[in-house]
Amino acid sequence: SDRRPWDTNFRTDTIILATVNTKKGTVNLTSFPRDLYVRIPGWGMNRINTAYYRGGYELLADTLETNFGVRPDHYVLIDFSSFKRTVDGLGGLEVDVKQPLTDYRNGYGYVTISEGEVYMDADLVLWYVRSRKTSNDFQRGRRQQEVLQALMEKFLTMDVIRRAPEFYEIYKDSVTTDLTFSDLVPLMPMATLLTDSSRLNHYYIGPKEVYNWISPEGAMVLMPQPAEIQAVLEKSLNMQ
């Protein structure tokens, strides 16, 4: 979420759908750009990142189901400060940067992140996943998935299965979720499989699945192309 400490209402700064297939031993991640212009049940057309602001997780789930035919079973929400505390608690991350990035960072001027394995502390990670002045929301989605993969790899090096109850106690106050520890236990064997990076698949609602449009209110938004988005979701939801 984009919630700051003084906020009571907030939007979803990032939306990533995770599909866990225990039979195939795979996890698929699908990024939805926050400016996607969709029908929000009861509220009309608007950016997808306003759904949570209007009605919490249930309305966001309704929105995904109404527009794309997929309804998440669970959710995990984290804000900027909790995200930074999590990364700090792990001692930073080694992120496999796929494309170099040069953008402005407050207090540092223009900063360049090179391609390859890059160590990042919490402040740098948050800047990296949110930066889009010199790029766009599609590239931002790719960087966010790079960081998610780095987080998973870090947890795996810390013996996440044996220490699962300990990790749950540490991080349960950092996130808002409807997942209980009992919900997570059956998924634990998946963690060992994810040491094989080929089992983690990345999907994106990108430039081929949307087109730029100006809403009646004069806002620049991304209009979905339903057939193209459906083709992506059929892959990410293991329907093919």
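Relative accessible area sorts residues into buried (under 20%), exposed (over 50%) and partly exposed in between, with a 1.4 Å probe and protein chains only. The model is predicted, so local features need pLDDT of at least 70 and side-chain atom pairs count only at pLDDT 80 or more, while totals for chains, interfaces and linings use all residues. Numbering starts from 1 along each chain as its sequence is written, and side-chain values use heavy atoms, with hydrogens and water left out.

**View 1. Salt bridge between D196 and R199.** The N to O distance of this pair is 3.9 Å; a salt bridge is a side-chain nitrogen of Lys or Arg within 4 Å of a carboxyl oxygen of Asp or Glu. D196 is partly exposed because its relative accessibility is 35%. R199, at 26%, is also partly exposed.

**View 2. Salt bridges of R140.** The side chain of R140 meets that of D13 at 3.3 Å, N to O. R140 lies in helix α4 (residues 137-157) and D13 in the segment before β1 (15-21), so the pair ties together parts 127 residues apart in sequence. Helices (H or I, at least four residues) and strands (E, at least two) are DSSP runs, numbered from the N terminus. R140 also forms a salt bridge with D137, with the closest N and O atoms 2.9 Å apart. R140 and D137 are three residues apart in α4, about one turn of the helix. R140 and D13 are buried, and so is D137. The network of salt bridges that links these residues also includes R34, D35, R47, R130 and R132.

**View 3. Surroundings of N49.** N49 is placed in the loop between β4 (44-47) and α1 (51-68). N49 counts as buried because its relative accessibility is 5%. Leaving aside residues up to four places away in sequence, N49 touches R11, T12 and R34; contact means heavy atoms within 4.5 Å.

**View 4. Lining of the second largest pocket.** The pocket holds about 380 Å³ of space. Its lining has 13 residues, of which Y104, R105, N106, W127 and R130 are the closest to its centre. On a 1 Å grid over the protein atoms alone, a pocket is an open set of points where a 1.4 Å probe fits, with protein on both sides within 12 Å along at least five of seven lines; lining residues have an atom within 4 Å of a point. Grid points are joined across faces, edges and corners, and the volume is the space filled by probe spheres set on the points. Helix α3 (122-130) and strand β7 (101-105) each supply at least two lining residues.
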